[in-house]
Amino acid sequence: MEFFERFAIPHPSPAIYASMVAIGLTVIAIVAGLTYFKKWGYLWREWLTTVDHKHIGIMYLISALLMLFRGGADAIMIRAQLAVPDNKLLDAQHYNEVFTTHGTVMIIFMAMPFIMAFMNYIVPLQIGARDVAFPRLNALSFWLFFMGAMLINISFVIGGSPDAGWTSYFPLANNEFSESVGTNYYMFALQISGLGTLMTGINMITTILKMRAPGMTLMKMPIFTWSALVTNIIIVFAFPVLTVALIMGTMDRLFATNFFTSTNGGIDMLWANFFWIWGHPEVYILVLPAFGIYSEIISTFSGRNLYGYKSMVGSMLIISFLSFLVWTHHFFTMGQGALTNSIFSITTMAIAVPTGVKIFNWLFTLWRGKIVITTAMLYSLLFIPIFTIGGVTGVMLGMSAADYQYHNTMFLVAHFHMVIIPGVVFGMLAGLHYYWPKMFGFILDEKIGKWTAWIISMSTLLAFMPMFFSGLDGQARRMYTYSESTGFGIWNMISFIGAIGLAIGFVLIVYNIYYSTRYASRDISSDPWDARSLEWATHSPVPEYNFAIVPHVTSTDALWDSKYNNHVLFPGKYEKIHMPNNSGIPFILSCIFFAWGFSFVFGMWIPAIITTIGIFICLGHRSLEKDYGRYISVKEIEETETKLRGV
Amino acid sequence: MKINHSLPLEYSTHQNQMNILGFWVFLGAEIMLFATLFSGYFTLVNRTGNGPTGADIFEITPILLETMLLLTSSFTIGLAIHAMRLGNKKAMNVYFVLTLLLGLGFLSLEVYEFIHYVHIGAGLQTSAFTAALLTLLGTHGAHVTFGIFWGLFIIGQLKSRGLTPEVANKSFIFSLYWHFLDVVWIFIFSFVYLKGMM
Amino acid sequence: MKELLPLKQVMGFAFSMILTFIAVTVYFSNMSFATGMTVLLVTAFLQAGLQLVVFMHASETEDKGAIYTNIYYALAIALVTVFGTLLCMIWGYI
């Protein structure tokens, strides 16, 4: 019995017990359902062992939507607790846990898989490739991410949630002030999913550099592919920093080292330093793919090519470098001198410039375009003004002298939500509506979609604008309650109403998916939006080999040229196609990684050693394996193509 | 699989070229990994608490020996790749074994060094300085250890499968990894040890 | 046997040994900190460049551009990280 005591929740409440029961029931229901409908084999063959970038993209998408609701539930709890002064809904400890998991889940396990979903699904299609450069590594990336997400999600029912904020600053995050294993969960969940992200970065860069269709030079790549390339460059150079920071933090917690302690020479500020060297580029990792999606959508629905393609590419490249030069603006108040703060203030101002260039490029693309307002376009148009509010307040925060006033107040919270929600979430939702027909072969209902877009964007304003005021009035972030005399009550009540609006919006998205799955017409063309780039040149849904014939490209808008300028996109005839084989190893390896992380979280050294050996056995197996893929014959291609054309 | 005979064996298929480029990108990430460890080390180097300083614990002889061993192993793995390009499987094998033996020698010295540090009261938990030092050295040492096992797998495949494009590709990538570890060691040697003893 | 010991690599190895010995002089002779650091910086980066060009065959394929961009980019960000960290953690407080 003693052994099991460590798994108990240190700070239980009826809500957590209810969640335990709910999780248990859900697992039983899934297992029973799979067994009853005899879907285990299907699940294993088509999903668990798949190396197809399209299936992996869809799995990322599903994970992102699930995590959106997990993080959203946390958000509602936060706003409900703060809605009225002196509220007793959550106590201080629960509030800490809830805002910690809200931030962690939303950034690492919602926004990241969302961008991964689109990069995985769309990039190979846009460059006319059959798959990514390392398909099996791609599967491993996904499963590592997934297992990291599961690790953080079981924390609140086994052993306790992390409670030191999503930034997990030391000394708060050390054993003395965070006694439960929650912060260990944080360390290992981020470490495991971070490994997966790094692998995706390497994979995507190689894919984009080496697998482009004939004729597609770098400057003829669609803009979303460019944004994916730049994003992955940032990933490759930023994530190792997080890896090291997490290793150091883990060692402080598990092996009593003195990196971030206040004794024996340790310096807790070093954690903040490393965290933000990764954390600031991470912001751009999230927002650049969304910018790419906006660029695609705005250009498609303005019926013209993207204005300032070269400056778009240039500004992204500048952002990729500058994003590594601004991290100190996250801790201007930590005590560095005026010189250091000034340097980072200036770089922060500088990075606003390329972002501004992009905004103007979108506006000029709209100028005199034949604008069609679809749901995807609506999100893109709503993004521009709301994001600008977030961006401009960011410049305010970037002035180090003024930052002393804003730091750690709700003003900051309002700022980054106003950046991330329109910048990333709107972008992903726009992408969801835009690429849905490509992924699933039908269009999401436009009427529900537009209602949802309005509800979500107005609720965003309602939820976060009041925080600017309460923040300037002095309401600190991460405080679980406040007294009535502060006068923050009204602002927070408005925020709560906005949060409910957002929740309604997100439920509507799910309803839209359900509704459209049942009622939407399947009789759509492969190019329902009259789009411009290669992903729309193949069938919807996409056959496993993507393109029966490798497309030839002469401009950024290859499909547009073939539709309106007599460009021959698919010269030549069918040839047999080489495809990679499925493999169970990525999934199994990731399961072992899950057990590995779990063992370390609880300091169970024997299982930790066994799982470490297991990981190396999997690597060795991969090294010795002979797998040369398989071929799809010309006959098979012909049959598939005839069927898909519906002849 | 199309094999292009105008290129060296390790580049001969498109997949092989992608593997090599992908590995270079990975090395870019490794540069950042070690840069972060170095940043941590430089920040904490004078924060020795009650523990010893670098000058108190570093000894020139084992460090110089370690450097010689690793530099020589970097040379021999270069020769192994050269032999591979000449198609001389036997010489390649010899150089590979030599490389791994030198790596093993390096590793045993490093293990000795670690035991010595712990023995004289500079363990992992002593101070921020020792934690940063041992983490930096340990990460490099773990890379070398991993490399030795990896190298063994490649020697095995060279024996059982011969000099196929796939094996050549793996060997070449291994050589990149090994050279990179050498570069990292140069920086450790210069900016941890020599700077610390200066 | 001779073709198994190509001149380029042997020279590279000899040069790398020489660089090591130059670096070690900072230990055996009595240099100022600034001179010593200069010597170490020069020898270390030369040594790294040597490995890159002579042993790692960085410039022999069409991917040369990508490889060098990657390495230089990593190096630039690595230096920013090291010196930026020192600025924020140590120098910035004076």
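This is a predicted model: local features need pLDDT of at least 70, side-chain atom pairs count only at pLDDT 80 or more; totals for chains, interfaces and linings use all residues.
Biologist: Why can chain A be called as compact as a globular protein of its length?

Modeller: For 647 residues the globule rule gives 26 Å, and this is the value against which chain A is to be judged. Chain A is as compact as a globular protein of that length because its radius of gyration is close to that value, at 25 Å.

Biologist: What percentage of the residues in chain A is buried?

Modeller: A residue counts as buried if 20 or more other C-beta atoms lie within 10 Å of its own. Among the 647 residues of chain A, the buried share is 53%.

Biologist: Which helix of chain B gives the most to the side that touches chain C?

Modeller: On the two sides, 39 residues of chain B are in contact with 41 residues of chain C. At least two residues each come from helix 1 (14-44), helix 3 (60-85) and helix 6 (165-197) of chain B. With 13 residues, the element of chain B that gives the most is helix 1.

Biologist: How many charged residues has the side of chain B that touches chain C?

Modeller: Divided by class, this side of chain B has 25 nonpolar and 12 polar residues. The number of charged residues there is two.

Notes:
Residues are numbered from 1 along each chain as its sequence is written. Chains are lettered from A and ligands numbered from 1 in the order in which they are written. The radius of gyration is taken over C-alpha atoms; the globule rule is 2.2 Å times the number of residues to the power 0.38. A residue is buried if 20 or more other C-beta atoms lie within 10 Å of its own, exposed if 12 or fewer, and partly exposed in between; C-beta atoms are placed from the backbone. Two residues are in contact if their C-beta atoms, placed from the backbone, lie within 7 Å. Helices (H or I, at least four residues) and strands (E, at least two) are DSSP runs, numbered from the N terminus. Ala, Val, Leu, Ile, Met, Phe, Trp, Tyr, Cys and Pro count as nonpolar, Asp, Glu, Lys and Arg as charged, and the others, Gly among them, as polar.
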